[in-house]
Amino acid sequence: MPNYILSINNKDYSFTADASTPLLWVLRDHLGLNGTKYGCGKGLCGACTVHLNGKAVRSCSLPVSAIGSATKITTIEGIGASKLHPLQEAWIKEQVPQCGYCQSGQIMSAVALLNRDSSPNERAIEIAMAGNICRCGTYPRIKRAIQATISQINKK
Amino acid sequence: MEKIKIGRREFVKLSSMAGSLLALGFYYPASSKTTTIISKNQADELGIELNGYIFIEKTGQVSIASPRVEIGQGVFQSLPMLVAEELEVDISKIKIIQFGRDEKRFGRLQNVGGSNSIRSSWLPLRKLGASAREVLIEAAASRWKVIKSECHAEQGEIIHRSTGRKFHYGELVEEASELSAPTDPVLKKPSEFKILGKPILRQDIPLKVTGQAQFGIDLKVEGMLYATVEHCPIINGKVKNFNAQKSLAIPGVRKVLATKTKVYRYMREGVAVLADTFWAAQQGRKVLEIEWDFTDRENFTEDSISQKFKEASVKEGKSLITSGNLAELENNKYHLLRSEYECPYQAHATMEPMNCIVSVKDNKCEFWGGTQGPGYFQRFLAETLGIPKENVTVNVPFTGGGLGRRGHEDFAHEAALIAKEVGVPIKLVWTREDDMLLSMFRPATLNVMRGAIDAQGNLIALQNKMIIQDLDLQEADANQADVADWIFDGAEQPYKISNLNRTVVPMLLPVPVGYWRSVYASTNSFSMECFIDELADVVGKDPLDFRKQLLIDQPRFIKVLEVAAEKSDWKRNWAARKGIGLALVNSFGTICCHVIKVSKSKGVFKINKIISVFDCGLMVNPDTVKAQIEGNIIMGLGAALTHQIHFKNGEVVEKNFDTYKMPRLADVPPIEIHLIKNEEEPGGVGEPSLPPVAPALANALFNLTGKRLRKLPIDLNQL
């Protein structure tokens with residue numbers, strides 16, 4: 001089995017895995033980073049969302065051999081590690097999560113959205129978040145939390 | 001799964017106040033910026049125990065046990081809050097400790113389901129908190145040598161009113177733990193509540209926004225192997241033979257074995273691949289060569305089942321309620337009406353697929369995983385493995401959705417059988433495809449409704465005949481006459497009906513069915529609340545006024561309808577056929593009315609708004625109540641508009657979210673919620689706002705189009 005080195009949350013991880021192993025399962029089974037979740041294995045639900053160079057990708061469908069050591073990977077563990085991201089604060093203020101299982105993926109998608117557009121309109125939010133399923137139905141609060149964050153960061 | 005009958009109360013025994021060593025639970029270190037949650041309980045970490053729920057350290061740090069399972073409904077905090085309110089502590093400073101199965105500590109009831117956690121805990125947990133408060137007061141009074149009535153508790157301190165002297169609880173707990181606790185202490189009046197009824201922030205939420213919350217699927221146990229099972233795609237198929245040669249050649253794959261798990265009257269067969277990692281197990285599974293025996297295959301589809309229901313609808317069935325004279329149903333001096341309503345099979349599709357870790361060794365068993373029934377799973381595993389109940393440990397992490405699915409023990413059963421055979425801990429993780437295939441579906445239904453109504457709008461007679469699989473009659477030796485007495489839940493709004501009959505024709509079908517959020521109410525509400533609308537329409541009555549007339553002696557129902565009317569500008573919209581409809585359902589001790597507004601623009605139907613009026617009596621956390629209503633509405637919309645399980649040759653068609661499409665953020669219409677504030681006994685919150693969604697929508701579409709929709713799901717693009 002090949003060796004890989006990946007940069008995750010500004011830290012280099014070295015490990016051995018089968019080339020076809022999706023990044024999701026590298027994170028969860030090889031590196032002990034459990035915040036990224038398995039929901040469908042087909043890129044349909046968004047629970048596995050991480051960032052590659054700040055852009056949202058579905059890690060369940062990305063083989064580790066396709067990534068490369070120069071790519072900067074960010075997982076939920078890398079968001080708000082020292083100080084909560086404004087989205088995370090809004091998520092707490094709006095009391096968004098219920099069961100919480102999809103929320104890592106939701107937040108990763110929302111962070112990626114604000115990374116590329118600091119003032120998206122409602123339709124842009126809907127499109128950016130369309131890939132993330134929440135069975136508990138926290139969507140109204142997700143929307144409110146994103147909109148509250150947009151107001152807050154654009155006030156500055 | 002234990003079924004909680006509405007209104008049943010389970011009183012937790014007050015344990016002796018002498019200090020006791022605490023059972024060791026499962027530990028996962030977790031901290032957020034705002035709170036620390038511990039779930040490994042050691043006596044020195046938690047301080048002195050006052051009854052099963054409260055632990056106080058000498059520093060004054062209070063910890064309160066979370067006795068049930070957090071599946072998103074908020075009980076992780078809302079149950080400890082019942083204790084905290086009466087105990088008089090600062091809620092923002094307490095630690096909450098998640099416990100697994102612990103009958104000694106908590107009594108028999110630890111399951112979550114039937115929207116019953118608060119209802120069954122409201123008095124017992126408050127009494128526990130109040131009783132602890134009383135012994136703390138007694139300890140302080142004794143130290144100060146004053147009488148108890150001169151002292152009171154406030155935010156973690158006992159205060160002597162006249163002198164202002166104070167002790168914090170840590171200074172008193174040791175003495176307090178030696179005193180005998182009152183079994184019937186005085187409880188606060190609702191007007192005195194400081195935290196109950198307030199939108200207190202949930203302590204589990206910071207963990208869930210940072211990825212720190214641990215779910216069953218995240219847990220690991222020393223020496224475990226992952227298990228994935230290639231299940232037979234049909235319920236009564238068998239493994240004829242299999243070839244594991246290619247699978248065993250995959251690096252990381254350790255063993256391959258056949259599995260047989262009893263699910264009601266069927267044997268669910270498959271082949272399990274055990275490996276070091278989830279991915280290796282999946283790779284091994286992909287190259288399995290299995291020959292199935294499909295001799296007993298039944299080639300049904302959802303349409304052939306529907307046809308069977310129609311044929312069964314002429315049977316006499318079992319009458320559950322008959323009052324008055326049913327001949328009135330055929331009395332031509334009234335307006336007579338007959339309609340049939342159909343609801344499809346539904347999957348749960350919790351975001352966390354079924355999974356668990358089971359270890360079986362030396363006459364002991366340990367279970368880690370999301371379960372809605374820690375006590376039931378403990379008993380089941382004990383029975384199945386032939387070991388004493390006390391030897392079965394059930395550990396309960398945060399759970400990625402219950403929805404009723406996690407009250408079914410089948411996945412734990414499968415894992416336990418594999419673990420027993422191989423002698424190492426087994427982490428069974430179902431793929432999404434497994435989870436969909438092996439759903440314990442919400443049963444499909446056919447309801448034949450008949451009614452007789454007079455010109456004044458008096459409901460002279462009603463017959464509700466339901467054709468359905470009874471959830472509790474799926475075993476081979478089940479007597480189909482033992483129909484559940486709560487099978488008409490959601491259709492039992494106390495309408496004034498002179499002559500009434502409710503009859504069930506139970507069906508035996510090769511589709512395993514199970515508890516799905518709101519259970520029977522999820523289908524009963526559709527037929528009942530649509531039919532009430534149809535009856536109103538026959539005599540030209542406003543369906544809201546019609547319901548008020550039928551509920552004339554029911555002030556709580558009238559109030560809900562009046563608020564709904566006011567907030568939705570009902571009369572004007574209904575009369576103008578703007579596209580407004582309502583449904584009123586009481587289930588799980590709560591009354592819920594949804595008003596839905598629809599419109600059509602450029603040939604496209606749209607849901608413009610949903611207004612919900614909800615009376616659940618006294619609430620622990622009104623914000624959590626709102627969140628549950630929002631979630632139920634969204635799940636109900638999925639069921640009303642999209643979700644249907646199809647079968648082809650007896651095999652489930654929908655196996656992932658590409659075919660079982662879930663509502664997305666963009667699909668949610670504006671939702672406006674009105675919580676009725678009163679001091680009635682708490683009603684359920686987890687489920688009652690799901691049933692009214694589909695009928696309110698169908699009624700709104702009728703108002704707009706004049707077309708009756710009697711079959712779910714409703715495809716808005718096909719109208």
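Chain A and chain B bury about 4700 Å² between them, with carbon and sulfur atoms giving 60% of that area. Buried area here is the accessible area, with a 1.4 Å probe, that two parts lose on being put together, summed over both. Before going on: this is a predicted model, where local features need pLDDT of at least 70 and side-chain atom pairs count only at pLDDT 80 or more, while totals for chains, interfaces and linings use all residues. Residues are numbered from 1 along each chain as its sequence is written, chains are lettered from A and ligands numbered from 1 in the order in which they are written, and side-chain values use heavy atoms, with hydrogens and water left out.

The contact, meaning heavy atoms within 4.5 Å, takes 52 residues from chain A and 59 from chain B. Five salt bridges cross the interface of chain A and chain B; the rule asks for a side-chain nitrogen of Lys or Arg within 4 Å of a carboxyl oxygen of Asp or Glu. A:Arg28 and B:Asp218 form a salt bridge through their side chains, at 2.8 Å, N to O.

Which helices of chain A supply at least two residues each to the side that touches chain B? They are α1 (23-30), α2 (86-93), α3 (103-116), α4 (122-128) and α5 (139-155). Helices, H or I of at least four residues, and strands, E of at least two, are DSSP runs numbered from the N terminus. α5(A) gives the most to that side, with six residues.

Now the sheet in chain B. It is open, with four strands in the order β3-β4-β5-β6 and mixed pairing; two strands pair if DSSP finds at least two bridges between them. β3 (48-50) and β6 (95-98) of chain B each have a single partner strand, so one side of each lacks a neighbour in the sheet. From one strand to the next, the twist averages 30°. Axes are lines fitted to C-alpha atoms, for helices over the stretch in contact, and angles run from 0 to 180 degrees between N-to-C directions.

Strands β4 (54-56) and β5 (62-66) of chain B run antiparallel, joined by three bridges.
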